[in-house]
Amino acid sequence: MPVPSSAYGHQGAPSCFDRVKIGFMMGFCVGMASGAIFGGFSALRYGLRGRELVSTVGKTMFQGGGTFGTFMAIGTGIRC
């Protein structure tokens, strides 16, 4: 049976850039989830419905994801 290749394209530990990318993606996912929760509740509290609700929650999700992803990437880069 052939040996499966590593997810990073080479053998051994991931490079610092790979770790920063993974840190950003993890932070982006956490930020999107928290943005969906907090943005959804705040938009419902303001009385938004339909297209306005989806638009507002989407913006909040991307803002939270981008912000938290950036900080996670910076923190991961410091640890390299």
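Q: Which residues make the nonpolar surface patch?
A: In this predicted model, Ile37, Phe38, Phe41 and Leu44 make a nonpolar surface patch of about 470 Å².

Q: Where does phenylalanine 41 lie, and is it buried or exposed?
A: Phenylalanine 41 lies in helix α1, and because its relative accessible area is 60%, over the 50% cut-off, it counts as exposed.

Q: What does UniProt list for residues 22–44?
A: The UniProt record, an unreviewed entry, lists residues 22–44 as a "transmembrane region". In the model that span is 100% helix and 0% strand, and its end C-alpha atoms lie 33 Å apart.

Q: Changing topic, how many disulfides are there?
A: The count comes to 1 disulfide, and it joins cysteine 16 to cysteine 80 with an S to S distance of 2.3 Å. The pair links distant parts of the chain, 64 residues apart, with cysteine 16 in helix α1 (residues 16–45) and cysteine 80 in the segment after α2 (51–79).

Q: Is that disulfide right-handed or left-handed, and why?
A: The disulfide is right-handed, because the torsion about the S-S bond of cysteine 16 and cysteine 80 is about 110°.

Q: What about accessibility for cysteine 16 and cysteine 80?
A: Cysteine 16 is partly exposed at 36% relative accessibility, and cysteine 80 is also partly exposed, with a relative accessible area of 43%.

Notes: Residues are numbered from 1 along each chain as its sequence is written. This is a predicted model: local features need pLDDT of at least 70, side-chain atom pairs count only at pLDDT 80 or more; totals for chains, interfaces and linings use all residues. Side-chain values use heavy atoms; hydrogens and water are left out. UniProt positions are given in the numbering used here, feature names are shortened, and annotations may be inferred rather than shown by experiment. Helices (H or I, at least four residues) and strands (E, at least two) are DSSP runs, numbered from the N terminus. A disulfide is a pair of cysteine sulfur atoms within 2.5 Å. Buried means under 20% relative accessible area, exposed over 50%, partly exposed in between (1.4 Å probe, protein chains only). Patches are made of residues with over 30% relative accessible area and no salt bridge: like charges are joined within 9 Å, nonpolar side chains (Val, Leu, Ile, Met, Phe, Trp, Tyr) within 5 Å. Accessible areas come from the Shrake-Rupley method with a 1.4 Å probe; for residues, only the protein chains shown count as cover. A salt bridge is a side-chain nitrogen of Lys or Arg within 4 Å of a carboxyl oxygen of Asp or Glu.
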